[in-house]
Amino acid sequence: MKNITILGSTGSIGTNALKVIEAKKEKFKVIAMSAYSNLELFKEQVEKFNPTYLCIGSEKNAKILRELYPEKIICFGDEGLKAMGALEEADIVLTAISGAIGIEATVEAIKKEKRIALANKETMVAAGEYINKLLQKYPKAEIIPVDSEHSALFQSMQGNRKEEIKNLIITASGGPFRGKSLKELEEVTIEQALKHPNWSMGKKITIDSSTLVNKGLEVIEAHMLFGIGYENIEVLVHPQSIIHSMVEFVDNSIIAQMGAPDMKLPIQYAFTYPKRENSRVLERLSLKTLTELTFSQVDNKVFKGVELAFQAGKTGKTMPCVFNSANEVAVELFLEGKIKFLEIYEIIERAMKFHKVREMDSLEVIKDVDKETRKWVYSNYARD
């Protein structure tokens, strides 16, 4: 029996993880869960899975939970998340929180030498250099990626040596605006950007998918996770979302991981690795129904997020943190109707130009750069 902490239980990754756990009650037990503000769904999950530890975003909601569940240990906010990451009883910590807020909980889980099922790409983007140093210091800790693309790369690498890898090929659906011109994107609405053709996800990641900034984040994360140079990482548009990513080897063979667009598969793999297990809740891909698998280059003149990510990654140090933080605020402002869709790219590019690169030698530096970048974006773009 593996004890699991789920950080972000009410989001799309968290809810799918609970389905995986429910289907394998004999293998997994939820001991801790966190949510930000969806109190009603969180209460339903607590009733069903009966974890010992709970964390919620606000002190107000924590008070409500304490009245409902006086027997449970309840915390809130950023400090609460850190405490959840550090629980001794946990075997696996699933970090399914969107944004840089998930970094400190991941750091705590590494220090406790846990398995981290990582669905928070911002951790490796904003703090990858620092995280990798920590993993060397705490060698029993391990990160198993949950993002479908990085899980696909991880799976495709199994049984092969790093020196045999030539290229990592990350696939992208292209989002709802695949094939559109810059002119066509000038007046994009929030509703249009939230209509992803293949995946059901939270608002932030759905907007990232529409701008293809998510692929930029994935490029940096792949570099940090697997130690492959940026010159050996490629992004291809694959509208069907069947091949989740590929690894090309030095002998020119390519191994691809395929599956239905269903996050439960990489979640379960992160929980059971190195074993593969059957499950009633995993969707099966029927090859008989496939009519085509197509690939094309990213239009970098329109979807500028990928090239900006390569620039940030190659600059290194604190620049990927700036890329991530600027994008987080830009997406927030777009969803609030305060900026236009294409201004997301403008904000990221200008924030990177404004930033003076620093060494990433502590968590405090990461937090400072994140705070500085957010302050700069808000002061320049948060219109009333």
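Author: Helices (H or I, at least four residues) and strands (E, at least two) are DSSP runs, numbered from the N terminus. This is a predicted model, where local features need pLDDT of at least 70, side-chain atom pairs count only at pLDDT 80 or more, and totals for chains, interfaces and linings use all residues. Residues are numbered from 1 along each chain as its sequence is written, and side-chain values use heavy atoms, without hydrogens or water.

Reader: Between which elements is the loop that holds Phe295?

Author: Phe295 sits in a loop.

Reader: Why does Phe295 count as partly exposed?

Author: Buried means under 20% relative accessible area, exposed over 50%, partly exposed in between (1.4 Å probe, protein chains only). Phe295 is partly exposed because its relative accessible area is 38%.

Reader: How many residues of H12 are buried?

Author: H12 is mostly covered. Its buried residues include Lys264, Pro266, Ile267 and Gln268. Tyr269, Ala270, Phe271 and Thr272 are buried as well. Of the nine residues in H12, the buried ones number eight.

Reader: Which residues lie nearest the centre of the second largest pocket?

Author: A pocket is an open set of points on a 1 Å grid over the protein atoms alone, where a 1.4 Å probe fits, with protein on both sides within 12 Å along at least five of seven lines; lining residues have an atom within 4 Å of a point. Here 17 residues form the lining. Nearest the centre are Leu265, Arg276, Glu277, Leu282 and Glu283.

Reader: Which element gives the largest share of that lining?

Author: Strand S11 (254-258) and helix H12 (264-272) each give two or more residues to the lining of the second largest pocket. The largest share is four residues, and it comes from H12.
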